[in-house]
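Me: Got a model open here. Can you walk me through a pocket and some charge pairs?
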Amino acid sequence: MTAARPALSRRFRMMGAAISIGAASMLSSVPAFARGPEGIADIAEKVIDAVVNISTSQTVEAKDRTMPQLPPGSPFEEFFDDFFKNRRGPPGKGGDKSGEFQPRKTNSLGSGFIVDTAGIVVTNNHVIADADEINVILNDGTKIKAELVGVDKKTDLAVLKFKPPKPLTAVKFGDSDKIRLGDWVVAIGNPFSLGGTVTAGIVSAKNRDISQGPYDSYIQTDAAINRGNSGGPLFNLDGEVIGVNTLIISPTGGSIGLGFAVPSKTVAGVVDQLQKFGELRRGWLGVRIQQVTDEIADSLNIKPARGALVAGVDDKGPAKPAGIEPGDVVVKFDGKDVKDPKDLSRIVADTAVGKEVDVVVIRKGNEETRKVTLGRLEDNEKVQQVNAKSKDDSAEKPVTQKALGLDLAALSKDLRTKYKIKDSVKGVVVTGVDGNSDAAEKRLSAGDVIVEVAQEAVSSAADIKKRVDQLKKDGKKSVLLLVSNGDGELRFRRARRAVGVSSRRKPDPYAAASLVEEVGNGFSR
């Protein structure tokens, strides 16, 4: 075996030489810029001193580890004895009287960048989360203790401040909206704690939603980003920061060319508010929204499918006095087009609290404009349980009728008690769902209350059957239902099978969410 290695090694060297010669002849006819921009070295030299390493330490409470009981003479007995017993702190020397594990300090390293020569640094929240001590390490190795100015968990951003020991280099934010697919970008950070590292690639995608937060709009890049790059800057070829490198998709923990950065347009606004207030003050409209699917758009006579469907309106929110109602589809907010619910969430959040804005909605096929004065979104709002049900089946069985694959009954005192439905909720209660129906696929369940059918209020199962029969005569392929849970939270659901269409269904948009969650297991920060 050993005698074969030199020969094998020579063979590979020869193959490598042949490839190099061939590649050289091919590249000689290709423009220099096709191999990558020549100015990367200039950009790196210009901004490298503004990129810092972030070092944190945290005290972690040790958990008691009980040694497993092994049979005498087990081949693993010596190994476990060494691992569990010898790792305990000896009494009087870091351990307690029983020699139990003691709290220990852990350290981690990430990246960041200076945006103000006064010592203001931007990084990711997950880089400094729960840290007892934060230090900024400059490019020349100088280490300075830093203070936390503020964090925004929803965008995973944090701002730090330290006292400069000498004049600093700062970088500016560029306009992330102006970048194009294929534009060259440069990432600088501290991958695997190796220190300042420069990588380059292109913008692979914009406005990427990867279900990591309510305001996802990532820049996707194939520039090598690894663990430790978190919080580092993504530069354009002008040396401006157009994103903050935040996470990667990777089954191995290393770069496979799928990196994601928070766009500078979002970062700049967050940093400004954290410096001014130490917290985020986001706009609040006071509505619950959902996707306008092709079927829902057809039911509402909206072509093409677009906007955000208002499923519910907060009684104490700004939308209520402005006249926005469930069933409205928001297509424009403050002069900006709304393509989907994520668009509306981001635009509203980025709008100043207290600002009066025009909101364009489609209501029963007609466009209307409403003026809304935005409130402030409170991050500590209590999240209400949806579809909370009682398991008490002792009440007398109600009289039901079937429609749309549902068992329907008039609301009674017993049913309100059984399903914990508030007195303010009006409509027809679902007491059962056919497991093979379209209604089951759309996640309707016992205890839901149908409030409207095709935007008309219903109070009995007969009302529902009458509306469905009329829709059949009108040639409609789907039925739009306004559904409430017991707390009065509204949402729209679309049913098809009961109005005579094929049982073959398009994928439910909610099914895609579970796929994203599975893929999300491969995300690394």
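Reply: First, a cut-off we'll need: a residue counts as exposed over 50% relative accessible area, buried under 20%, and partly exposed in between. Also, this is a predicted model.

Me: Fine. So where does Lys 265 fall, buried or exposed?
Reply: Lys 265 is exposed, because its relative accessibility is 53% and the cut-off is over 50%.

Me: What does the Lys 265 side chain meet in a salt bridge?
Reply: Asp 177. The N to O distance is 3.0 Å.

Me: How accessible is Asp 177?
Reply: Its relative accessible area is 43%, so Asp 177 is partly exposed.

Me: Switching to the second largest pocket. How much space is in there?
Reply: About 970 Å³.

Me: Which residues lie nearest its centre?
Reply: Asp 177, Lys 265, Arg 346, Ile 347 and Asp 350. The lining has 31 residues in total.

Me: What about Asp 358, which partner does it meet?
Reply: Lys 371, at 2.7 Å from N to O. Asp 358 is in strand S18 (residues 356-363) and Lys 371 in strand S19 (residues 366-373), 13 residues apart.

Me: Are those two buried or exposed?
Reply: Asp 358 is partly exposed at 35% relative accessible area. Lys 371 is exposed, at 52%.

Me: Which residues do shared partners join into one network?
Reply: Glu 325, Asp 328, Arg 363, Glu 368 and Arg 370.

Me: One last pair. What is the distance for Glu 279 and Arg 281?
Reply: 3.6 Å, N to O, between their side chains. Glu 279 has a relative accessible area of 33%, so it is partly exposed. Arg 281 is partly exposed too, with 32%.

Terms used. Residues numbered from 1 in each chain as written. Predicted model: local features only at pLDDT ≥ 70, side-chain atom pairs only at ≥ 80, totals over all residues. Heavy atoms only, no water. 1 Å grid on protein atoms, 1.4 Å probe; cavity = no way out; pocket = protein on both sides within 12 Å on 5 of 7 lines; lining within 4 Å. Points joined across faces, edges and corners; volume = space filled by probe spheres on them. Salt bridge = Lys/Arg side-chain N within 4 Å of Asp/Glu carboxyl O. Buried < 20%, exposed > 50% of the residue type's maximum accessible area, 1.4 Å probe, protein only. Helix = DSSP H or I, 4+ residues; strand = E, 2+ residues; numbered from the N terminus.
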